[in-house]
Amino acid sequence: MFQQILVGCDHGPGTLDALRLATELAALGAETELVLVHAYTPNAARFGRRGRQEELDDALHGEGMHLLESLRDTLPEQAAANVELLSLPVSSPAYALHDLATGRGADLIVIGPAQHGPVGRLVLGSDSTGILHGAPCPVAIPARTEGHAHSADATRAISVVGVGYDGSRVADAAVDLAARLALAEDRGLDVIGVADFVTPPMTTDGFGGPAPIQPPPPDPEVVDAEVQALLEERVASLPEGLRARPITLHGSAVDRLVERSAELHLLVVGSRDHGPVETILLGSVSRPVLDQARCPVIVVPRSAEA
């Protein structure tokens with residue numbers, strides 16, 4: 001399934017969830033390598049003004065390696081046998097994962113939500129949009145559980161994989177990845193579209209006033225039929241043997257996807273703004289969905305477009 005998975009690690013509770021999700025996904029392949037990465041920003045003030053740079057680097061590197069070794073010791077024996085540990089001094093820990101993923105050809109990055117550590121930072125935070133759009137491979141984020149097991153693990157054990165679909169190329173890549181995951185885990189797949197009946201903005205006459213003829217409001221029945229047809233066409237293209245079904249939801253894309261996430265094993269979304277049916281927004285909602293989803297989310301970046 002995956003050849004190499006990078007896991008961003010620090011001292012925050014999100015690391016435990018990230019490692020747990022990465023281990024689950026690594027188990028889908030026979031020889032998947034887990035690379036646990038602790039990226040830190042040197043901070044000389046922690047060691048006083050007289051501390052030499054070499055001592056600082058050694059101390060921060062050793063602190064990171066101690067963390068990674070303790071995390072590795074929590075893994076099942078089979079997973080721990082194929083783990084690499086990297087503690088790296090960088091100016092931007094989050095973007096270091098991009099460079100590492102590019103150089104190694106990794107096919108997945110896993111990072112916990114809102115991670116903060118005493119040595120530097122490895123967070124989504126305000127940089128999450130850039131991280132997701134600039135990532136060279138999909139990025140997986142577990143649900144926000146503060147280091148505890150998913151609150152709906154009993155549901156997740158029997159639930160399906162969900163994927164948001166809007167007809168764009170990156171959404172097609174998201175569906176392809178979700179289909180592979182569903183097949184690997186022998187789960188069903190829900191291909192989800194959200195029909196949001198938004199009234200188009202008022203047009204002007206060129207002089208600041210309203211135009212005499214305004215575009216008509218969308219017909220809910222027409223929009224609903226377009227969304228359903230789009231989903232059914234994509235489902236029909238999926239491999240035989242995959243238990244897939246089209247799911248049309250109505251209203252706010254963020255609200256509907258977050259609500260649906262409580263019923264899913266994981267949710268896959270693309271990071272592009274919109275597709276041919278402009279009432280189905282994914283890219284603009286991927287960040288709030290990440291913040292609020294009740295299941296792990298995998299975001300497929302624009303770089304994955306076919």
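Student: What separates Glu-259 and Arg-256 by about one helical turn?

Tutor: They are three residues apart in helix H9 (residues 253-261), so about one helical turn lies between them. Helices here are DSSP runs of H or I with at least four residues, strands are runs of E with at least two, and both are numbered from the N terminus. This is a predicted model: local features need pLDDT of at least 70, side-chain atom pairs count only at pLDDT 80 or more, and totals for chains, interfaces and linings use all residues. Residues are numbered from 1 along each chain as its sequence is written, and side-chain values use heavy atoms, with hydrogens and water left out.

Student: Why is the pairing of Glu-259 with Arg-256 called a salt bridge?

Tutor: A salt bridge needs a side-chain nitrogen of Lys or Arg within 4 Å of a carboxyl oxygen of Asp or Glu. The closest N and O atoms of Glu-259 and Arg-256 are 2.8 Å apart, so the pair meets the definition.

Student: What makes Glu-259 partly exposed?

Tutor: Its relative accessible area is 48%. Buried means under 20%, exposed over 50%, and partly exposed in between (1.4 Å probe, protein chains only). So Glu-259 counts as partly exposed.

Student: Why does Asp-186 count as exposed?

Tutor: Its relative accessibility is 57%, so it counts as exposed. Asp-186 is found in the loop between H7 and strand S7 (189-195). It also has a positive phi of about 55 degrees although it is not a glycine.

Student: Which residue forms a salt bridge with Asp-176?

Tutor: Arg-234 does, at 2.7 Å from N to O. The pair links distant parts of the chain: Arg-234 is in helix H8 (residues 220-236) and Asp-176 in helix H7, 58 residues apart.

Student: Is Arg-234 buried or exposed?

Tutor: Buried, because its relative accessibility is 10%. Asp-176 is partly exposed, at 41%.

Student: How do you know that the span of helix H1 agrees with its residue count?

Tutor: The expected span is 1.5 Å times one less than the number of residues. For the 13 residues of H1 (residues 14-26) that should be 18 Å, and the end C-alpha atoms are 18 Å apart, so the two agree. H1 is mostly covered, with ten of its 13 residues buried.

Student: What is Leu-25 in contact with, leaving aside neighbours within four places in sequence?

Tutor: Phe-2, Ile-5, Leu-108, Leu-181, Leu-266 and Ile-298. Contact means heavy atoms within 4.5 Å.
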